[in-house]
Amino acid sequence: MTVGISWRAADNRRMPQTIASPVHVELVIKKSRFIACVQPMPDRAGAQQVVARLRAEHPGAAHVCWALLAGGQSAAVDDGEPSGTAGRPMLDVLRHQDLEGVLATVVRYFGGVKLGAGGLVRAYTDSVAQALLLSQKVPIIKLQAMRCTAPYALEGMVRRELDAAGAHLDAVAHGDEVLFDFSLPAQDAGALRTRLDNAGHGRIGWPDIDE
């Protein structure tokens, strides 16, 4: 069996969250423009593509700072701002809100007035925080991929059980038996398997999903 990640609304008991869609805000602080965006992002390669696109779209910007919170691929980039005044504070905002798989970017157009280290930290922190206030948080639920086989006589029963459990039927193949590939929240997988085994009276098979 394999485990994947899906984003689905659920109760919010300190579980990691992502955001449903990109959100943009713009702040003007002492004549400097801070154009912030937060968006779902699973990895650093995707984040770097977004940053490259922002650089192309904003050739006159002084800085394109960004922070990615995505497990082992997390990053914090100051892009020419004094060290620790942009990327790290942005990343801290994401961490403080128990987020995962989220990219925060801030494009800064310099307005001619220096903000100082403390002012920069506040500006980048506030930019990301304001964007997150407008975002829809979505708890991350792990999905477990499963596979089972059943005699043709039990195909209808299996389909009904999968539907009742809220499982997503990914594929069905008809050979000597019916093979089902499906996925559902990992915490529900054990109970569904037990129900299928009981209803099938030992006639449900569970081949390895990698076979």
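Predicted model: local features only at pLDDT ≥ 70, side-chain atom pairs only at ≥ 80, totals over all residues.
Okay, one definition before we start: a residue counts as exposed when its relative accessible area is over 50%, and as buried when that area is under 20%.

Is histidine 201 buried or exposed? Its relative accessible area is 70%, so histidine 201 is exposed. You'll find this residue in the segment after α5. There's something else to look at here: histidine 201 isn't a glycine, yet its phi is positive, about 50°.

Lysine 31 gives us another case. Here phi is positive as well, about 75°, and again the residue is not a glycine. Where does lysine 31 sit? It's in the loop between β3 (23-29) and β4 (32-40). Lysine 31 has a relative accessible area of 64%, so it's exposed. And one more for your list: aspartate 98, which follows α2, has a positive phi near 55°.

Let's zoom out to the whole chain. The protein has five helices and 10 strands. Now, the overall shape. A compact globule of 211 residues would have a radius of gyration near 17 Å, but here we get 23 Å. Along the principal axes, the C-alpha trace spans about 75 × 30 × 25 Å. As for the inside, buried residues make up 45% of the 211. And if you take the contacts with a separation of 6 or more, 70% of them come from residues 24 or more positions apart.

Right, on to the helices. When two helices pack, we describe them by the angle between their axes and the distance between those axes. Start with α2, residues 87-96. Which of its residues are buried? Gly87, Pro89, Met90, Leu91, Val93 and Leu94. Those buried residues pack against β5 (63-69), β6 (75-77), β7 (102-109) and α3 (116-133).

Let's stay with that last partner. α2 and α3 pack at an angle of about 35°, with their axes 8 Å apart, and the crossing is right-handed. On the α2 side you have Pro89, Met90, Val93 and Leu94, and they meet Val121, Tyr124, Thr125, Val128, Ala129 and Leu132 in α3. Sort the residues of that contact by type and you get nine nonpolar, one polar and no charged.

Now the other pair: α4, residues 155-164, and α5, residues 186-200. Their axes come within 11 Å and cross at roughly 155°. The cut-off for roughly antiparallel is over 145 degrees, so α4 and α5 are roughly antiparallel to each other. α4 passes α5 in a right-handed crossing. Met157, Val158, Glu161 and Leu162 in α4 meet Leu192, Arg195, Leu196, Ala199 and Gly200 in α5. This contact divides into six nonpolar, one polar and two charged residues.

Last stop: leucine 169, in strand β9 (residues 168-174). Leucine 169 has a relative accessibility of 32%, so it counts as partly exposed. Which residues does leucine 169 touch, leaving aside its neighbours within four places in sequence? Arg159, Leu162, Phe180, Asp181 and Phe182.

Methods. Residues numbered from 1 in each chain as written. Heavy atoms only, no water. Axes fitted to C-alpha atoms, helices over the stretch in contact; angles between N-to-C directions. Helix = DSSP H or I, 4+ residues; strand = E, 2+ residues; numbered from the N terminus. Parallel < 35°, antiparallel > 145°, perpendicular 65-115°, else oblique. Left-handed = near helix turned anticlockwise from the far one by under 90°. Contact = heavy atoms within 4.5 Å. Nonpolar A, V, L, I, M, F, W, Y, C, P; charged D, E, K, R; others polar. Rg over C-alpha atoms; globule rule 2.2 N^0.38 Å. Buried < 20%, exposed > 50% of the residue type's maximum accessible area, 1.4 Å probe, protein only.
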